[in-house]
Amino acid sequence: MSVTWFLTGASRGIGLELTRQLLESSSNTVFATCRSPATAFALDALKSSSGILHVVQIDVMDEVSIKAGCSRVLELLNGTGLDYVINNAAISPVTDLPSSFDPVFAETIKCNVTGPALVTRFLLPAIENSSRKVIVNISSSLASISKDLGPKLTGYSISKAGLNMLTYKQMRERPDFIPILMDPGWVKTDLGGERAKIETHVSVTGILNVVDTNLRWLTRASFTNYLGKQIPW
Ligand SMILES: NC(=O)c1ccc[n+]([C@@H]2O[C@H](COP(=O)([O-])OP(=O)(O)OC[C@H]3O[C@@H](n4cnc5c(N)ncnc54)[C@H](OP(=O)(O)O)[C@@H]3O)[C@@H](O)[C@H]2O)c1
């Protein structure tokens, strides 16, 4: 039986590589969503892979788009459950400190917290139909207070801490769901920048290993990195 996966931000970076690796298996069906399917050429090229790919439009900063995209996914699933929801799309538009706090924060929260919250909300009927019910919220170690990573990237860090709290709330509301938080590491993508340490394919291989293989050892709402190492909250 096919394993069903959904993700946001599949046009590039970690989202594109997640889609690529998942489609290497013919037992996976992937609902890969992005803002602009018409220009997502790298994603489109994956249509010839072994797994089944459905590309669906979702802008996670637009509630109407989220609602329409999730409805389309429910329609395509036709009653089949959605096993894994990966909230991956995010922005980090500025490198602010508390003293240079940037009001673009409102947009960051909309993309990095409201988006994942609404995506999961509108996908609930399909998650409920699955026997796995896994929600992977892609966070960042910058969300951790205990790691003491300093004042950099203030707005982005607050948004990811908000996503962590959302994941805790999801875990407490739904004992039947497995929501987890994943830090992909410092990855060489547009968001991670050129000085990043980890190749995208290495991060994604680790993420899928933790999510797919080692999930039974994780507790719900656990915060781990791509190697399965626990991150303190
Ligand atoms: N790279 C790192 O070092 C690192 C570290 C910690 C955590 N993370 C997290 O890992 C995840 C993926 O990041 P990445 O490094 O792959 O970033 P990236 O290369 O900048 O890619 C971001 C993705 O998010 C999409 N996106 C942005 N705004 C969107 C919106 N409003 N609606 C839908 N999609 C939107 C982009 O789509 P478009 O192509 O349409 O712009 C793109 O596909 C994020 O949650 C990020 O916070 C990354």
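This is a predicted model: local features need pLDDT of at least 70, side-chain atom pairs count only at pLDDT 80 or more; totals for chains, interfaces and linings use all residues.

Me: Let me start with a helix, then: how many of the residues of helix H1 are buried?

Reply: The general idea is that an α-helix has 3.6 residues a turn, so residues three or four places apart point the same way. In this structure, helix H1, which spans residues 13–22, is mostly covered, with 8 of its 10 residues buried. The buried ones are Ile14, Gly15, Leu16, Glu17, Leu18, Thr19, Gln21 and Leu22.

Me: Which residues have the most contacts inside the largest nonpolar core?

Reply: That core has 33 residues, and Trp5, Leu18, Leu43, Val136 and Val211 are those with the most contacts inside it. At least two residues of this core come from each of E1, H1, E2, E4, strand E5 (134–138), strand E6 (178–183) and H6, and H6 supplies the largest share, 5 residues.

Me: If I select Val136, which residues is Val136 in contact with, leaving aside its neighbours within four places in sequence?

Reply: With those neighbours set aside, Val136 is in contact with Val85, Ile86, Asn87, Ile180, Met182 and Val211.

Me: How should I read the aromatic pairs, and how many does the structure hold?

Reply: In general, a pair of aromatic rings is described by the distance of the centres and the angle of the planes. This structure holds 3 aromatic pairs. One of them is formed by Trp5 and Tyr84, which are stacked at 3.9 Å centre to centre with 10 degrees between the planes. This pair links distant parts of the chain, with Trp5 in strand E1 and Tyr84 in strand E4, 79 residues apart.

Me: Why do Trp5 and Tyr84 both count as buried?

Reply: Buried means under 20% relative accessible area. Trp5 counts as buried because its relative accessible area is 1%, and Tyr84 does so because its value is 3%.

Me: Turning to the open spaces, what is the volume of the largest pocket, and which residues are the closest to its centre?

Reply: The largest pocket has a volume of about 1300 Å³. Its lining has 49 residues, of which Ile14, Tyr156, Thr189, Leu191 and Gly192 are the closest to the centre. By class, the lining divides into 23 nonpolar, 16 polar and 10 charged residues. H1 and H5 each supply at least two residues of this lining, and the largest share, 3 residues, comes from H1.

Me: What about the second largest pocket, and how many cavities of 30 Å³ or more are there?

Reply: The second largest pocket holds about 230 Å³ of space, and of its 15 lining residues, Leu142, Ser144, Ile145, Gly150 and Ser157 are the closest to its centre. A search of the whole structure finds 1 cavity of 30 Å³ or more, and about 40 Å³ of space lies in the largest cavity. The residues lining this cavity include Ser92, Asp102, Phe105 and Tyr156, and helix H4 (105–128) and helix H5 (154–173) each supply at least two residues of the lining.

Technical notes: Residues are numbered from 1 along each chain as its sequence is written. Side-chain values use heavy atoms; hydrogens and water are left out. On a 1 Å grid over the protein atoms alone, a cavity is a set of points where a 1.4 Å probe fits but cannot get out, and a pocket is an open set with protein on both sides within 12 Å along at least five of seven lines; lining residues have an atom within 4 Å of a point. Grid points are joined across faces, edges and corners, and a volume is the space filled by probe spheres set on the points. Helices (H or I, at least four residues) and strands (E, at least two) are DSSP runs, numbered from the N terminus. Buried means under 20% relative accessible area, exposed over 50%, partly exposed in between (1.4 Å probe, protein chains only). A nonpolar core is a set of buried Ala, Val, Leu, Ile, Met, Phe, Trp, Tyr and Cys residues joined through side-chain atoms within 4.5 Å. Contact means heavy atoms within 4.5 Å. Rings of Phe, Tyr and Trp (its six-membered ring) pair if their centres lie within 6.5 Å; planes under 30 degrees apart count as stacked, over 60 as edge-to-face and the rest as tilted. Ala, Val, Leu, Ile, Met, Phe, Trp, Tyr, Cys and Pro count as nonpolar, Asp, Glu, Lys and Arg as charged, and the others, Gly among them, as polar.
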